[in-house]
Amino acid sequence: MLELRPNCECCDRELAPESTDARICNFECTFCFECVDNRLNYVCPKCGGGFVARPIRPATEWRSGLSRTTRPPSLVRVHMSYTLEELAEHIARIQDIPPENR
């Protein structure tokens, strides 16, 4: 089950569980669409992978025990531990390689 982290790890923007602007990598690093598109160039600054839209956990419990109420999203905020310079170097090194080949 995904954590559904509450913020963009780059700009700290709020990303509510129902947000359609949240993007995640294979390791669930979480960023807003604007940072992925404009700052990260679709390269995860941690693992080097690509991004996909984060799924939305239903608010309504359509099946017993499966909703945001019974399986709440994380409240723990996560932030990058890289400087902007380190981030730029990492992205420049691999951004031209398609995610499936990284």
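Biologist: What share of the accessible surface of the protein belongs to carbon and sulfur atoms?

Modeller: The model is a predicted one, and its surface is computed from the atoms. The accessible surface of the protein amounts to about 6300 Å². Of this area, the part that belongs to carbon and sulfur atoms is 53%.

Biologist: What percentage of the residues count as buried?

Modeller: The protein has 102 residues, and its C-alpha atoms fill a box of roughly 45 × 25 × 20 Å along the principal axes. A residue counts as buried when its relative accessible area is under 20%. By that criterion, the buried share of the residues is 39%.

Biologist: In what pattern do the helices and strands follow one another along the sequence?

Modeller: The protein has 2 helices and 3 strands. Read along the sequence, they give the pattern β-β-α-β-α.

Biologist: Which strands stand at the edges of the sheet?

Modeller: The sheet is open, with 3 strands in the order β2-β1-β3 and antiparallel pairing. Each edge strand has a single partner, so one of its sides is left without a neighbour in the sheet. The edge strands are β2 (30-32) and β3 (52-53).

Biologist: Which residue of β2 is the bridge partner of A22?

Modeller: Strand β1 covers residues 22-24 and runs antiparallel to β2. The two strands are joined by 3 bridges. In β2, the bridge partner of A22 is C32.

Biologist: Is E9 buried or exposed?

Modeller: E9 lies in the segment before β1. The limit for a buried residue is under 20% relative accessible area. Because E9 has a relative accessibility of 1%, its class is buried.

Biologist: With which side chain does E9 make a polar contact of 2.5 Å?

Modeller: Beyond its neighbours within four places in sequence, E9 is in contact with several residues, including F31, V78, H79 and K46. A polar atom of the E9 side chain also lies 2.7 Å from the backbone nitrogen of T30. The side chain that joins that of E9 in the polar contact of 2.5 Å is K46.

Biologist: Which element gives the largest share of the largest nonpolar core?

Modeller: The largest nonpolar core has 18 residues, and C8, C10, F31, L40 and F51 have the most contacts inside it. Two or more residues come from each of β2, α1 (33-39) and α2 (84-94). The largest share, 3 residues, is that of α2.

Biologist: Which residues of the structure form an aromatic pair, and how are they arranged?

Modeller: The structure holds 1 aromatic pair, and both F31 and F51 are buried. F31 lies in strand β2 and F51 in the loop between α1 and β3, so the pair ties together parts that are 20 residues apart in sequence. The ring centres are 5.5 Å apart and the planes stand at 85 degrees. An angle over 60 degrees counts as edge-to-face, and the pair F31 and F51 is thus described as edge-to-face.

Biologist: With which residues is L40 in contact, leaving aside its neighbours within four places in sequence?

Modeller: L40 is one of the residues with the most contacts inside the largest nonpolar core. Outside its sequence neighbours, the contacts of L40 are F31, C35, P45, F51, L87 and I91.

Biologist: How far apart in space are T20 and R57, C-alpha to C-alpha?

Modeller: T20 is found in the segment before β1 and is exposed, with a relative accessible area of 60%. In sequence, T20 and R57 are 37 residues apart. In space, their C-alpha atoms are separated by 11 Å.

Methods: Residues are numbered from 1 along each chain as its sequence is written. This is a predicted model: local features need pLDDT of at least 70, side-chain atom pairs count only at pLDDT 80 or more; totals for chains, interfaces and linings use all residues. Side-chain values use heavy atoms; hydrogens and water are left out. Two strands pair if DSSP finds at least two bridges between them. Helices (H or I, at least four residues) and strands (E, at least two) are DSSP runs, numbered from the N terminus. Buried means under 20% relative accessible area, exposed over 50%, partly exposed in between (1.4 Å probe, protein chains only). A polar contact is a pair of N or O atoms within 3.5 Å; within protein, one must be able to donate a hydrogen and the other to accept it, and residues adjacent in sequence count only if both atoms are side-chain atoms. Contact means heavy atoms within 4.5 Å. A nonpolar core is a set of buried Ala, Val, Leu, Ile, Met, Phe, Trp, Tyr and Cys residues joined through side-chain atoms within 4.5 Å. Accessible areas come from the Shrake-Rupley method with a 1.4 Å probe; for residues, only the protein chains shown count as cover. Rings of Phe, Tyr and Trp (its six-membered ring) pair if their centres lie within 6.5 Å; planes under 30 degrees apart count as stacked, over 60 as edge-to-face and the rest as tilted.
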